[in-house]
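Me: I am new to this structure. Can you show me how to read its features, step by step?
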Amino acid sequence: MSNRREFLKSIAVAAASVGVAGRFTYDVLAQAVAGRRQISIGGKRIKVIDAHAHLSVPAVGAVVKGTPFERNGNAAPNQVIGPERIKAMDALGIDMAVLTQQGAWWYGVPDRELARAVVKTMNEGTAAVVKQYPDRFVGMAAFPMQFPDLAAEALEDGVKRLGLKGGGISAGFLADKEFSAPEFDVFWAKAQELGALLFMHPGGDTGAEAHLRGKGNLGNTVGNPLETTIFLSHLIYDGTLDKFPGVKICCAHAGGFLPSYMGRTDGACVRQPDACSGKKRPVDDYFKTQIMADSMIFREDGLRHMIAEMGVGQVVYGTDMPFPWPVNPDTILNNTLITDAQKEAILGGNLIKLLKLSAT
Amino acid sequence: MPSRRQFVTAMAVAAAGAAGHRLAWAQGTPAKRREVFIGRKRVKVIDAHAHLNVAEVANVVKGTPFERQAQTTGDGIIGPARLEWMDRDGIDIAMLTQQGAWWYNVQDRALARDIVKAQNEGTAAVVQKYPDRFIGMASMPLQFPDLAAEALEDGVKRLGFKGGGISAGWAGAKNLTDAEYDVFWAKAEELNTFLFMHPGGVNGQGDPHFAGRGALPNTIGNPLETTVFFSRLIYEGTLDKFPRLKICGAHGGGYLPSYLGRTDAQCRRQDDACTGKKRPVEDYFHTQLMADIMVFRDEGLRHLVAELGTGQLVYGTDMPFGWPVTPDFILNARFLNDAQKEAILGGNLIKLLKLSTT
């Protein structure tokens with residue numbers, strides 16, 4: 001299964017990079033800041049929240065031991081939360097991070113009991129991290145989307161019993177299924193009922209084909225935003241977001257291609273009305289209300305473009321930690337095209353409001 | 001083969017849709033030719049993205065497995081209906097490329113050569129008939145790089161074309177950045193010719209995740225194909241190897257011009273990802289890569305202008321497929337000044353292709 005293989009490879013690469021002379025921390029080193037950096041805008045200390053950070057829970061190893069998923073249970077050292085992660089956050093000036101499991105290998109587990117046990121262990125491990133560092137982390141539940149009823153159950157358990165703020169979701173690991181299919185209504189209904197924020201991160205399923213090989217790591221740099229684009233397109237055009245208007249989903253990597261290239265599908269409806277018969281609103285309306293995106297766009301005008309299309313309230317700072325993308329808070333602070341109020345909203349204000357976090 | 005079936009279906013659907021679009025126009029607008037002015041200045045409007053079919057191809061593919069691909073009727077055939085449509089929208093000149101790229105699958109060299117010869121001679125005949133309204137672009141069989149180079153040269157030198165139309169993704173597992181394509185890129189560079197890239201419809205076709213509402217094989221599959229195509233040309237070093245290549249990508253150039261940052265950012269964490277190229281990604285878009293303006297949103301157009309510069313953008317409609325992109329999309333853009341509007345609507349191509357300004 002090439003997608004899972006690719007995923008494991010990326011984990012291995014990430015793990016290796018921790019070992020070699022702080023590859024993981026080069027952005028941190030660039031800061032040359034000792035101790036905890038405190039970020040201010042115009043003299044006002046602001047709380048910086050990273051909406052896109054990953055963790056692994058080593059205890060999952062014991063759950064999958066002796067199963068075909070044994071190798072997936074190996075937690076990459078740089079994804080295990082501890083003093084190293086705190087140090088990296090301190091140096092960057094990140095006050096809090098929203099933690100999701102990376103990838104979605106457990107969507108491939110065909111056994112209900114095993115799937116349930118895997119996410120239970122992940123979620124209890126995530127809750128333990130939050131308990132250990134309550135002022136530094138927000139936890140998000142993992143759930144097995146291959147069993148929509150179990151997914152709903154795991155999300156509810158995570159929110160109600162474990163105090164998690166929502167859940168992390170991927171697309172693309174469920175063979176031919178789309179999350180807009182009716183069997184997933186039970187999950188969307190639960191997410192809506194709980195008022196839980198979902199953070200969508202591609203699982204790495206798309207892009208494992210010949211034309212994406214070679215330079216540029218296109219399997220990641222094109223494949224990841226592509227997976228998110230397909231995911232959101234189905235939720236919009238198949239009518240899922242209209243059916244569940246209380247669902248709120250924040251998408252990784254600037255929300256894939258759609259927020260930056262929003263017009264084509266609605267444009268198609270002019271010549272093919274059936275293409276849009278499943279949805280009720282213009283496409284931008286979904287991005288101004290139910291869909292959010294992280295700020296990982298890497299271009300000044302790209303961020304300005306996202307704000308113009310979605311509204312600043314829908315954009316949140318994200319890093320993909322521990323994967324060392326060039327996205328330290330200075331990329332927001334130094335953007336010459338946005339205002340201080342916009343910077344504060346993106347760096348933390350939006351999530352403080354949405355997740356009802358302490359502002360200090 | 002799902003991709004070809006889908007393509008034929010798409011043509012049928014598009015034809016039906018386009019007919020409806022024309023009808024709507026006919027009800028509300030006068031039949032006389034619209035002349036576009038910016039201020040008091042009459043500007044020449046050039047559509048860089050228009051398609052044609054050549055009926056004579058039917059004779060060439062008759063009795064072959066490609067018989068169904070030939071279009072002898074419909075609004076891909078250039079005639080009075082197309083001119084009337086252009087007149088109504090205010091389009092003075094359209095640059096014609098063959099749509100799709102089904103002939104990339106022809107395994108027989110002679111047949112492939114005959115198909116593009118018929119297409120190109122048919123295109124030249126259209127231009128000869130309406131010399132002030134159309135610009136011709138050559139088709140090429142990219143499955144045979146040497147024949148592709150030959151067809152491009154023949155089109156430019158014998159038939160008077162301004163360049164060629166290219167698709168990606170129909171050459172199987174091959175990539176147009178493979179070394180065997182150097183002969184083609186070298187020829188395009190030698191001829192100093194202009195290439196218009198339009199997806200062939202291979203991405204997303206038959207992928208179950210593109211099923212359902214939203215026409216996703218088109219609305220995602222098309223920009224995706226262009227994104228992969230441009231990404232490979234950049235990151236594999238083809239554009240550095242052939243620095244005079246100039247390629248315009250359809251549909252806003254796919255996703256890359258609107259979402260330019262991720263792959264270069266990747267290089268910060270994975271050293272070898274960018275070893276094939278020499279310049280920052282935007283540099284290619286400021287020089288060798290261009291895009292049409294089919295992004296359908298004011299803010300999307302503003303972003304394209306900010307990232308690529310006005311000089312790299314050209315007006316395009318995808319005629320006869322009935323997308324909502326009249327020249328008013330440019331004329332009404334409040335963030336553009338008059339010079340920028342004129343450049344996008346026609347000035348850039350007038351300069352690049354050395355066309356008459358009147």
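Predicted model: local features only at pLDDT ≥ 70, side-chain atom pairs only at ≥ 80, totals over all residues.

Me: How many residues of α8(B) are buried?

Reply: The count is 15 of the 15, so the rest of the structure largely encloses α8(B). Just after α8(B), look at B:G237, where phi is positive, about 90°.

Me: Now the strands. Do β7 and β8 of chain B run parallel or antiparallel, and how many bridges join them?

Reply: In a regular strand the side chains alternate between the two faces of the sheet. Here β7(B) (residues 194-197) and β8(B) (residues 246-249) run parallel, joined by 4 bridges. One pair to find is B:F196 with B:C248 in β8(B). β8(B) also pairs with β9(B) (residues 289-292), in the parallel sense, over 3 bridges. There, B:G249 has B:A291 as its bridge partner.

Me: How many residues does the contact take from chain A and from chain B?

Reply: The size of an interface is often given as the accessible area lost when the parts come together. Here we count residues: 52 from chain A and 55 from chain B. On the side of chain A that touches chain B, α12(A) gives the largest share, 8 residues. That side divides into 21 nonpolar, 21 polar and 10 charged residues.

Note on methods. Residues numbered from 1 in each chain as written. Chains lettered and ligands numbered in written order. Buried ≥ 20, exposed ≤ 12 C-beta atoms within 10 Å, placed from the backbone. Helix = DSSP H or I, 4+ residues; strand = E, 2+ residues; numbered from the N terminus. Contact = placed C-beta atoms within 7 Å. Nonpolar A, V, L, I, M, F, W, Y, C, P; charged D, E, K, R; others polar. Pairing = 2+ DSSP bridges.
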